[in-house]
Amino acid sequence: MPRYEFECATCGRTFEVTRPIAASGDPATCPDDGSPAQRLYSVGGVFLSSRKDDGRRSRTPADADARAEAAAKADARADAAGAPRAPGHEPA
Ligand SMILES: [Zn+2]
């Protein structure tokens, strides 16, 4: 099981947590004071992310963006063709 390094937001202590990869994005708390800890990415580099990313299930933001972009293009094509919009896509 991989180890993940966290840094306490309150006292700055760093500690490691061993957990399954599937749980790598779960929050961790400082063993000293129980404060929320921020994931560090200096160890192992399981996912190549910046420290600003707190690791919460954000592995596929690009996919979500791509889907939103594709949906926007589909709407634009529907407009161009004069076709009715799909339910739920009415303009605000
Ligand atoms: Zn702490």
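Helices, in DSSP states H or I with at least four residues, and strands, in state E with at least two, are DSSP runs numbered from the N terminus. With that settled, here is the chain.

What you see is a predicted model, in which local features need pLDDT of at least 70 and side-chain atom pairs count only at pLDDT 80 or more, while totals for chains, interfaces and linings use all residues. Residues are numbered from 1 along each chain as its sequence is written.

Confidence comes before anything else. pLDDT is the predictor's confidence in each residue, on a scale from 0 to 100. The chain averages a pLDDT of 78, and 70% of the residues score at least 70. Strand E3 has the highest confidence, at 96, and helix H1, residues 61-81, the lowest, at a mean of 76. Where pLDDT is low, the predicted coordinates should not be read in detail.

Now the layout. The chain has one helix and four strands, and from the N terminus the elements run β-β-β-β-α. I call two strands paired if DSSP finds at least two bridges between them. The four strands make an open, antiparallel sheet in the order E2-E1-E4-E3. E2 and E3 are the edge strands, each pairing on one side only.

Take strand E1, residues 3-8. On one side, E1 pairs with E2 in the antiparallel sense over five bridges. Arg3 has Thr18 of E2 as its bridge partner, and Glu5 has Glu16 of E2. On the E4 side, E1 pairs with residues 36-40, again antiparallel, over four bridges. There Glu5 stands opposite Leu40, and Cys8 stands opposite Ala37.

Over the chain, buried residues make up 8% of the 92 residues.

That brings us to the core. A nonpolar core here is a set of buried Ala, Val, Leu, Ile, Met, Phe, Trp, Tyr and Cys residues joined through C-beta atoms within 7 Å. The largest one has five residues: Tyr4, Phe6, Cys8, Ala28 and Ala37. E1 gives the most to this core, with three residues. Contacts are counted when two C-beta atoms, placed from the backbone, lie within 7 Å. Of the chain's contacts with a separation of 6 or more, 39% are between residues 24 or more positions apart.

Last, two glycines in loops. Gly12 lies in the loop between E1 and E2. That hairpin has five residues between the strands, and Gly12 takes a positive phi near 80° in it. Gly12 is exposed because 9 other C-beta atoms lie within 10 Å. Its C-alpha atom is separated by 9.1 Å from that of Cys30, 18 residues apart along the chain.

Gly25 sits in the loop between strand E2 (14-18) and strand E3 (28-29). Gly25 is partly exposed, because it has 17 other C-beta atoms within 10 Å. The C-alpha atoms of Gly25 and Arg39, 14 residues apart along the chain, are separated by 8.4 Å.

Note on methods:
Buried ≥ 20, exposed ≤ 12 C-beta atoms within 10 Å, placed from the backbone.
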